[in-house]
Amino acid sequence: MIDGAIPFLWCPVCREPLSRQERALRCPRRHSFDMARQGYVDLSAGRLPHTGDTAEMVADRAAFLSAGHYRFIAEALAAHRAEGLVVDAGTGTGDYLAHFLEGSPDATGLGLDVSKPALRRAAKAHPRAAAALTDLWRPLPVADATTAVILNVFAPRNGPEYRRILRPDGLLLVVTPAADHLTELITAYGLIQVDPEKAARVSGSLGEHFTLDAAATHRRELRLTAGETRTLVGMTPSARHVPMGDLPGHDVTVTAAVEVAVYRPR
């Protein structure tokens, strides 16, 4: 699955092209990057400052997404089409990238994440998707102006690097929580709140390199069982702060609301 993405990759140490040699990617200067048995390649080029989502958080995310609760987000992204490389920056389990690729048969996917448990799943998410370990805040292991679309769903936004790898005709699709996202759970159980200045901060972080082309709010009411509610909380940063025993033991109705913004490079 990594082979289709190799022409778009470069060495994170010297920025030379990479080629595959057995179970590693190597550049002409002999920098070597191992492929994990689970299918992803380690392009971190050194010690990472953090390890991302835990195995438990990733398992909860996989269960929640496979139940289709956030399919409306995947469909909003897949309404766009691409030919060439699609980079999912902060890919998690790779579900959004896989759904996007289903609607773009001439596209190749590359999921980037810092979480090894997530990448083990992302590497198998779609036959045309590769996965690589990297820190989104560092220079990305992707060659200049090679990417048709960048997906960025609830993930860090590295404006300068996203602009560097995006083609002049490319799109950056950014998904962030709306003000009322999960508001029922936030109010009742003390989950981490959505920053009221979130939209302004996102725009500010990208404005130097991108122009906002369009934005829309997508909202759904979710009817969740007690188990699904625990899974939803478990896949978020609130899992580290909210005791699972405090969550409801009955069905609840929860608002899922996100902003989907389309940016074009300046």
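Helices (H or I, at least four residues) and strands (E, at least two) are DSSP runs, numbered from the N terminus.

A word on what you have open: this is a predicted model, where local features need pLDDT of at least 70, side-chain atom pairs count only at pLDDT 80 or more, and totals for chains, interfaces and linings use all residues. Residues are numbered from 1 along each chain as its sequence is written, and side-chain values use heavy atoms, with hydrogens and water left out.

**Stop 1: inside H2.** Colour residues 71–78. Of the 8 residues in H2, 6 are buried, so the helix is largely enclosed by the rest of the structure. Buried means under 20% relative accessible area, with exposed over 50% and partly exposed in between (1.4 Å probe, protein chains only).

**Stop 2: the rings around Phe72.** Show the side chains of Phe64, Tyr70 and Phe72, which form one aromatic cluster. How many aromatic pairs does the structure hold? There are 3. One of them is Tyr70 with Phe72, an edge-to-face pair at 6.3 Å centre to centre and 90° between the planes. For the cut-offs, rings of Phe, Tyr and Trp (its six-membered ring) pair if their centres lie within 6.5 Å; planes under 30 degrees apart count as stacked, over 60 as edge-to-face and the rest as tilted. Tyr70 is buried at 4% relative accessible area, and Phe72 is buried too, at 7%.

**Stop 3: across to E10 and E11.** Now pick Phe210 and Tyr263. Their ring centres are 6.5 Å apart with the planes at 75°, so this pair is edge-to-face. Phe210 sits in strand E10 (residues 210–224) and Tyr263 in strand E11 (residues 252–265), so the pair ties together parts 53 residues apart in sequence. Phe210 is buried at 2%, and Tyr263 is buried at 5%.

Stop 4: Two strands pair if DSSP finds at least two bridges between them; E2 (residues 24–26) and E3 have 3. To finish, select Ala24 and look opposite: Asp34 in E3 is there.
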